[in-house]
Amino acid sequence: MTKESREKRIKRRKKLFFTFLDSVILLSFSLSIYFTYFQDYTRTILFLSIGFLLLMFFIVRGIIKTTKSLFS
């Protein structure tokens with residue numbers, strides 16, 4: 001395998017992973033709304049916290065990327 005094809009494969013894998021994380025965030029927020037409607041607040045808090053933690057991961061990752069590019 002060449003280095004270019006390996007990099008393309010890694011980039012595609014990262015893109016697929018972050019697409020999966022996006023879908024998990026959407027699903028967790030949707031489920032929290034669903035459980036709020038049926039007044040199951042423990043599951044609501046569980047799914048909200050999962051979605052919030054993943055969202056914070058994306059925000060912190062973006063901040064770290066921008067600060068690295070500013071100081072490079």
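The model is predicted, so local features need pLDDT of at least 70, side-chain atom pairs count only at pLDDT 80 or more, and totals for chains, interfaces and linings use all residues. Residues are numbered from 1 along each chain as its sequence is written, and side-chain values use heavy atoms, with hydrogens and water left out.

User: Why do Phe-18 and Phe-57 count as a stacked aromatic pair?

Analyst: Rings of Phe, Tyr and Trp (its six-membered ring) pair if their centres lie within 6.5 Å; planes under 30 degrees apart are stacked, over 60 edge-to-face, the rest tilted. Here the centres are 6.4 Å apart and the planes 15° apart. So the pair is stacked. By this rule there are eight aromatic pairs.

User: What makes Phe-18 buried, and what is Phe-57?

Analyst: Buried means under 20% relative accessible area, exposed over 50%, partly exposed in between (1.4 Å probe, protein chains only). Phe-18 has 17%, so Phe-18 is buried. Phe-57 has 38%, so Phe-57 is partly exposed.

User: Why is the pair of Tyr-34 and Phe-35 called edge-to-face?

Analyst: The angle between the planes is 65°, at 5.3 Å centre to centre. Tyr-34 is partly exposed at 44%. Phe-35 is buried at 12%.

User: How do you know that Asp-40 and Arg-43 form a salt bridge?

Analyst: The term requires a side-chain nitrogen of Lys or Arg within 4 Å of a carboxyl oxygen of Asp or Glu. The closest N and O atoms of Asp-40 and Arg-43 are 3.5 Å apart. Therefore the pair qualifies. The structure holds one salt bridge.
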